[in-house]
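Subject: Structure for you to look at

Hello,

Here is the structure I said I would pass on. My notes on it follow below.

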Amino acid sequence: MIQIDNLQKYFGQLHVLRGIDLQVKKGEVLSVIGASGSGKSTLLYCINGLEQIQGGTITVDGVEVHDKGTDLNKLRQSMGMVFQQWNSFPHLTAIENVALAPKIVKKKSKSEAIEIAKKQLVHVGLEEKLNVYPSELSGGQQQRLAIARALAMDPQYMLFDEATSALDPELVGEVLETMRLLAEEGMTMICVTHEMGFARDVSDRVAFFNDGVIEEIDTAENIFENPKSELTQKFLSKVR
Amino acid sequence: MENQISFFSSFGLNDVFFMAEAAYRTLLISVVSISIGTVIGGIFGWMLFEGRISATILLGPILDVFRSVPLIIQLVLFYNFAPIIGFDLDAFESGLVILTLYTAALVANVVRGGIASVGEPMRRAARSLGMNYWQDLRYVVFPIGVRAIFPSWVGVALGVLKDSALVSVLGYVELLRASQILMTRTQEPLLIIAVAGAFYFALSYPISRFSASFERKWSQ
């Protein structure tokens, strides 16, 4: 379980997250929607310990992320992260991209790591691209490669930071399909997204972010059919 | 007329061997200083990138001095200054020290740029997989950065190889110095300069070819 209490985050003078309280249970899919600059992505970076926080706590499976004694490198293995820019390692083939972290972080043998990588690449539908360099893959394939790379660490949680917003429109579908597949398999996911269709169909709950606070959080159905907050209504009427 | 004494003798096969040996000395001082200078420059470049206060304040200006002061002045100054502070260095050793530091200063800035070129998002992706700082540096930043800076590094290496000719002013008999000696004896400057040029080309060309094939391999 991911438990966030009164999270405060500043970038210099800028107060980006103003007291976030949030709980994500095992097996739950939470979508985070809201305008650009409302702090959605920053929240993911904080959960993964890639950003320092200035107040409050984030606890993942009972471990406080920003505690000095926390081994972040170990904790991060339980949280896969997928970025807007897919950031595949350009000097490695697809299978090497996925096998790298299991090999050097989890100290798996080479053959074990390759085995894991193959399995995850099949999982995301890249079984025909095992020995291809990222430069020869489309954006959608590279993003699926990034998902496979994260899955290879056998994470308990997956964090998606606008995984489809840098993609050409015709490539968005294949990545969403992969994410949908993960959700069906019971993966716990937090998805920062602009894809309202995905948020509505796949998520258990949806959180609407506005100006560094969670304006409204509810089941996907309630948020989309029956939003209580005026700001949520306004936002949804704009993006629809 | 028959008893005329000749002060000059013409360029012969022995002289080619003499120049080949000098070319070997050019190669020796270049290879050693480029190798050590690259390692030191790599560490300096990393320090500059990490931007610890001491590195930025102290190291930056020192490296700027080595990059800005003409190499020939550095060589003469150091060669004469070293004995004063108790280092009895011959021409080869003095030249080696200065060429190494000169290489390090140039490589440091190239490496800093190379690390920066990898970019924060890529490094965050690596860290998000559970890699620690050093694993990220070793398995992600290094291989990507090396490919990015390789052409610049080859430029530095070729530059230092040719600049090593300046060590001749200290009396180290490398290719240029050997040519001067032969020119004085044979009075055939054009021929000898042409041969010296051919030797420099023979030393540099394999490096260019070698690096070009590397880049082709990487670009796929």
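I start with one pair in chain B. B:R124 forms a salt bridge with B:E120, their closest N and O atoms being 4.0 Å apart; a salt bridge here is a side-chain nitrogen of Lys or Arg within 4 Å of a carboxyl oxygen of Asp or Glu. The two residues are four apart in helix α5 of chain B, so about one helical turn separates them. Helices (H or I, at least four residues) and strands (E, at least two) are DSSP runs, numbered from the N terminus. B:R124 is buried, with a relative accessible area of 15%, whereas B:E120 is exposed at 51%. Buried means under 20% relative accessible area, exposed over 50%, and partly exposed in between, with a 1.4 Å probe and protein chains only. Salt bridges that share partners join A:K9, A:E51, B:E120 and B:R124 into one network.

Two remarks on conventions. This is a predicted model, in which local features need pLDDT of at least 70 and side-chain atom pairs count only at pLDDT 80 or more, while totals for chains, interfaces and linings use all residues. Residues are numbered from 1 along each chain as its sequence is written, chains are lettered from A and ligands numbered from 1 in the order in which they are written, and side-chain values use heavy atoms, with hydrogens and water left out.

The interface

B:R124 also meets A:E51 through their side chains, in a salt bridge of 2.7 Å from N to O. Across the interface of chain A and chain B the rule finds one salt bridge. In contact terms (heavy atoms within 4.5 Å), 24 residues of chain A meet 18 residues of chain B. The area buried between the chains is about 1,900 Å², and carbon and sulfur atoms give 65% of it; buried area is the accessible area (1.4 Å probe) that two parts lose on being put together, summed over both. On the chain A side, A:F89, A:H91 and A:I104 lose the most area to chain B, together 29% of what that side buries.

Helices of chain B

Helix α5 of chain B covers residues 120–128, and its buried residues are B:M122, B:R123, B:R124, B:A125, B:A126 and B:S128. After α5(B) comes B:G130, with a positive phi near 100 degrees.

Over all chains the count comes to 13 salt bridges. One of them links B:R25 and B:E21, with the closest N and O atoms 3.0 Å apart. These residues are four apart in helix α1 (residues 13–50) of chain B, separated by about one helical turn. B:R25 is partly exposed at a relative accessible area of 25%, and B:E21 is partly exposed at 42%. B:D64 and B:R67 form another salt bridge, at 3.1 Å between the closest N and O atoms. They are three residues apart in helix α2 (residues 53–68) of chain B, again about one helical turn. B:D64 is partly exposed at 36% relative accessible area, and B:R67 is partly exposed at 39%.

The sheet in chain A

Chain A has an open sheet of six strands with mixed pairing, in the order β6-β7-β8-β3-β9-β10; two strands pair if DSSP finds at least two bridges between them. β6 (79–82) and β10 (213–219) of chain A are at the edges with a single partner strand each, so one side of each has no neighbour in the sheet. Within the sheet, β7(A) and β8(A) run parallel and are joined by five bridges. A:L159 stands opposite A:I190 in β8(A). Helix α9 (residues 230–239) of chain A lies across β3 (29–34), β9 (205–210) and β10 of chain A, at about 95 degrees to β9(A). For that angle, axes are lines fitted to C-alpha atoms, for helices over the stretch in contact, and angles run from 0 to 180 degrees between N-to-C directions.

The cores

The largest nonpolar core has 38 residues, of which A:L121, A:I147, A:M158, A:F160, A:M179, A:L182 and A:M189 touch the most other members. Such a core is a set of buried Ala, Val, Leu, Ile, Met, Phe, Trp, Tyr and Cys residues joined through side-chain atoms within 4.5 Å. Its largest share, seven residues, comes from α6(A). Another core, of 36 residues, lies apart from it and includes A:V105, B:I34, B:V141 and B:A157.

Regards
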